[in-house]
Amino acid sequence: MAGQRLIVIGGPTASGKSALAVALCRRLEGEVVSCDSMQLYRGMDIGTATPTPQEMEGVPHYLLSVLAPGTPCSAAAYRAMALPVIQDILNRGKTPVLCGGTGLYIDALTRPLGFSVKGDEGLRRELEALPREVLHQRLAQVDPESAARLHPNDQRRVVRALEVYLLTGASLSSHMARDRGRAGDFSGVLFALDWPRPVLYARIDRRVEQMMDQGLAQEVKALLAGGLKAGDTAMQAIGYKELAACFGGEGDLDQAVRTIQQNTRRYAKRQLTWFRRDERVHWLAAEGRKIEDIAEEIIDILRNLPDAQGEERGEP
């Protein structure tokens with residue numbers, strides 16, 4: 001598979017990735033493979049904006065709702081799940097289209113995973129005992145790039161980044177930068193929808209309101225009733241942690257919704273930072289355009305890309 005082209009629809013939350021992936025698949029006999037770290041979990045469809053059967057429009061989707069909410073997942077674990085799915089799609093003569101905003105999962109398939117460092121349980125427990133603000137401040141001192149990418153509430157990944165630094169003497173970002181020079185499982189061709197920042201933020205705010213109308217609060221209550229704890233990986237997702245805190249007595253529901261909107265906008269900003277620095281991304285103007293026209297633009301770009309031998313292709 002090394003060097004084989006893999007189409008990727010990435011970018012920030014609420015930008016229209018899922019609709020674009022479906023539109024593209026309908027033109028290329030494609031099938032969607034999710035690379036969203038939270039859409040992996042069952043019982044979290046509303047808060048993670050998992051595509052509904054109607055939104056899928058008959059296009060097969062994979063790696064949605066495949067893990068129990070309490071199950072931790074890493075980039076390496078995601079890669080192990082995704083590789084056989086992608087190979088099966090290829091074996092059937094279809095086109096896999098990777099879709100999602102988790103940049104590290106995209107890199108797990110299109111860049112090598114050489115930065116894996118064996119953990120130390122004792123060190124991890126010491127770090128986990130510290131306040132999240134302190135952890136994030138320490139990370140900012142030794143690995144400012146990772147600190148900018150990770151939210152202080154994302155304790156698991158902040159701890160992991162600190163663990164890598166303390167065990168190796170080098171930051172996680174430096175490990176990842178070194179690895180970017182080597183070949184991954186696939187040669188990724190990345191696309192992202194480009195919205196003016198105020199428009200994207202307005203889309204985010206509307207989406208959060210729609211999620212609440214669709215029953216996000218009930219979804220979170222059901223997860224908590226099922227035994228999921230606030231510290232579990234799935235409950236670190238935006239929307240879930242704020243509502244869980246609300247139900248635990250921290251603030252009212254209106255304030256929780258405003259906090260979800262604010263945190264989602266901040267998350268989108270971090271995603272934009274991640275994807276803006278990836279030289280492989282083709283940014284596609286989105287405002288005022290039909291999704292079908294943007295899909296056709298992608299097909300034109302793919303048609304004119306050089307193939308593995310450096311020759312221009314006549315078709316995607």
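Serine 146 counts as buried because its relative accessibility is 0%, where buried means under 20% relative accessible area, exposed over 50% and partly exposed in between (1.4 Å probe, protein chains only). Serine 146 belongs to helix 7 (residues 144-149); helices (H or I, at least four residues) and strands (E, at least two) are DSSP runs, numbered from the N terminus. Apart from neighbours within four places in sequence, serine 146 is in contact with Leu139, Ala161, Leu172 and Ser173, contact being heavy atoms within 4.5 Å.

This is a predicted model, in which local features need pLDDT of at least 70 and side-chain atom pairs count only at pLDDT 80 or more, while totals for chains, interfaces and linings use all residues. Residues are numbered from 1 along each chain as its sequence is written, and side-chain values use heavy atoms, with hydrogens and water left out.

**Helix 14**

- Helix 14 (residues 291-303) has 13 residues and should span 18 Å at 1.5 Å a residue, which agrees with the 19 Å between its end C-alpha atoms; the expected span is 1.5 Å times one less than the number of residues.
- The buried residues of helix 14 are Ile294, Ala295, Ile298, Ile299 and Leu302.
- These residues lie on the same side of helix 14, because they cover an arc of only 150° around the axis; the arc is that of the directions from the helix axis to the C-beta atoms.
- An α-helix has 3.6 residues a turn, so residues three or four places apart point the same way.
- Among the elements that cover the buried residues of helix 14 are strand 1 (4-10), helix 1 (17-28), strand 5 (186-194) and strand 6 (281-285).

**Salt bridges**

- The whole structure contains 21 salt bridges, each defined as a side-chain nitrogen of Lys or Arg within 4 Å of a carboxyl oxygen of Asp or Glu.
- Side chains of opposite charge can pair when their charged atoms come close.
- Glutamate 121 is exposed at 56% relative accessibility, and arginine 125 is exposed with a relative accessible area of 54%.
- A further salt bridge joins arginine 124 and glutamate 163, whose closest N and O atoms are 3.1 Å apart.
- This pair links distant parts of the chain, 39 residues apart, with arginine 124 in helix 5 and glutamate 163 in helix 8 (residues 155-168).
- Arginine 124 is partly exposed, with a relative accessible area of 28%, whereas glutamate 163 is buried, with 1%.
- Arginine 276 and aspartate 194 also form a salt bridge, with 2.9 Å between the closest N and O atoms.
- Because arginine 276 is in helix 13 (residues 253-276) and aspartate 194 is in strand 5, the pair ties together parts that are 82 residues apart in sequence.
- Arginine 276 is partly exposed, with a relative accessible area of 45%, and aspartate 194 is partly exposed at 27% relative accessibility.

**Aromatic rings**

- The structure holds 1 aromatic pair; rings of Phe, Tyr and Trp (its six-membered ring) pair if their centres lie within 6.5 Å, and planes under 30 degrees apart count as stacked, over 60 as edge-to-face and the rest as tilted.
- Tyrosine 78 and tyrosine 105 make up a stacked aromatic pair, with 4.6 Å centre to centre and 15° between the planes.
- Tyrosine 78 lies in helix 3 (residues 75-91) and tyrosine 105 in helix 4 (residues 103-110), so the pair ties together parts that are 27 residues apart in sequence.
- Tyrosine 78 is buried, with a relative accessible area of 0%, and tyrosine 105 is buried at 1% relative accessibility.
- The charged end of arginine 276 sits over the ring of tryptophan 283, 3.9 Å from its centre; a charge sits over a ring if NZ of Lys or CZ of Arg is within 6 Å of the ring centre and within 35 degrees of the ring normal.
- Lysine 221 lies over the face of phenylalanine 247, at 5.0 Å from the ring centre.

**Positive phi in loops**

- Glutamate 57 is not a glycine, yet has a positive phi of about 55°.
- Glutamate 57 lies in the loop between helix 2 (53-56) and strand 3 (61-62), and is partly exposed at 44% relative accessibility.
- Leucine 63, also a residue other than glycine, has a positive phi near 65°.
- Leucine 63 lies in the loop between strand 3 and helix 3, and is buried at 8% relative accessibility.
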